[in-house]
Amino acid sequence: MNETSRRGLIVINTGPGKGKTTAALGTALRAAGNGMRVLILQFLKGSWHYGELDAIEALGKALSTADDPSIVIRQMGRGFVKVGGAETDPEDLRLVEEAWNEAAQAIASGEWDLVVLDEINYAIGYKMLSPEKVAEVLRSKPEMVHVILTGRNAHPSLIELADTVTEMREVKHAYQKGILAQRGIEF
Ligand code: ATP
Ligand code: MG
């Protein structure tokens with residue numbers, strides 16, 4: 001690849017089918033294996049313990065030098081949120097704001113080669129975070145930084161801004177047969 005053609009991409013994984021977060025994690029794995037520094041911030045997650053937290057912690061330790069964290073994942077919420085106007089708990093709003101401030105700072109700092117904003121589309125869809133604020137930070141990001149945004153119903157303005165957008169289409173999902181979330185596949 002021509003070195004001068006390298007640039008940071010804005011990638012969105014959206015749509016109703018399964019695979020948005022796991023595809024982002026796969027890309028994070030790929031980037032980390034290339035020696036890139038990867039930060040994964042998970043919006044609205046926190047009540048479940050996902051396998052990726054331990055796997056990434058172990059990988060981070062294996063790849064890191066003391067002052068270079070290489071790959072880091074952080075849950076920035078407390079799980080399920082009640083939504084809908086006045087019903088939104090102020091504490092959830094505060095956590096989204098905190099997550100967003102950290103995300104904006106991480107992107108702008110240029111300290112990370114890839115920043116994954118997992119489930120951020122839900123926070124925007126639930127009107128807990130303004131798409132304009134997100135677009136502003138993406139537009140002014142350092143050129144080489146890659147950003148991945150996940151979650152259903154990505155905002156049209158962000159789809160417009162993105163370089164690569166994939167919509168997961170549901171063909172079928174085990175849940176429809178009454179099969180609950182399975183360890184290792186769903187969490
Ligand atoms: P994954 O984390 O498995 O990649 P995702 O990020 O595409 O899923 P989310 O909208 O974040 O999907 O929802 C996360 C949880 O909901 C996962 O446990 C996933 O299996 C489940 N899920 C995703 N799509 C569907 C669906 N179409 N029907 C039922 N459950 C789903
Ligand atoms: Mg997800």
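Predicted model: local features only at pLDDT ≥ 70, side-chain atom pairs only at ≥ 80, totals over all residues.
The strands belong to an open sheet of 6 strands with parallel pairing, in the order β3-β2-β4-β5-β1-β6. The edge positions are taken by β3 (71–75) and β6 (164–167). Each of these two has a single partner strand, so one side of each is left without a neighbour in the sheet. On average, neighbouring strands are turned by 10° against each other, direction ignored.

One of the pairings joins β1 (residues 10–14) to β5 (residues 146–150). These two strands run parallel and are connected by 4 bridges. Within this pairing, I10 stands opposite V147 in β5.

## Packing of α3 with α5

Two packed helices are described by the angle between their axes and the distance between the axes. For α3 and helix α5 (residues 131–139), the angle is about 15° and the axes are 9 Å apart. Angles under 35 degrees count as roughly parallel, so α3 is roughly parallel to α5. The crossing of α3 past α5 is left-handed.

The contact is made by W100, A104 and I107 on the α3 side and by K133, V134 and V137 on the α5 side. Sorted by class, the contact comprises 5 nonpolar residues, 1 charged residue and no polar residues.

## Packing of α1 with α2

Helix α1 (residues 20–33) and α2 have axes that come within 12 Å and cross at roughly 10°. The two helices are therefore roughly parallel to each other.

From α1, the residues T21, L25, L29 and A32 meet E52, I56, L59 and L63 of α2. This contact of α1 with α2 divides into 6 nonpolar, 1 polar and 1 charged residues.

## Aromatic pairs

A pair of aromatic rings is described by the distance of the centres and the angle of the planes. The model has 3 aromatic pairs. One of them is formed by W48 and F187, with 5.2 Å centre to centre and 85° between the planes. Planes over 60 degrees apart count as edge-to-face, and the pair of W48 and F187 is accordingly edge-to-face.

W48 is located in the loop between β2 and α2 (51–63), whereas F187 lies in the segment after β6. The pair therefore ties together parts that are 139 residues apart in sequence.

How values were computed:
Residues numbered from 1 in each chain as written. Chains lettered and ligands numbered in written order. Heavy atoms only, no water. Pairing = 2+ DSSP bridges. Axes fitted to C-alpha atoms, helices over the stretch in contact; angles between N-to-C directions. Parallel < 35°, antiparallel > 145°, perpendicular 65-115°, else oblique. Left-handed = near helix turned anticlockwise from the far one by under 90°. Contact = heavy atoms within 4.5 Å. Nonpolar A, V, L, I, M, F, W, Y, C, P; charged D, E, K, R; others polar. Phe/Tyr/Trp six-rings, centres within 6.5 Å; stacked < 30°, edge-to-face > 60°.
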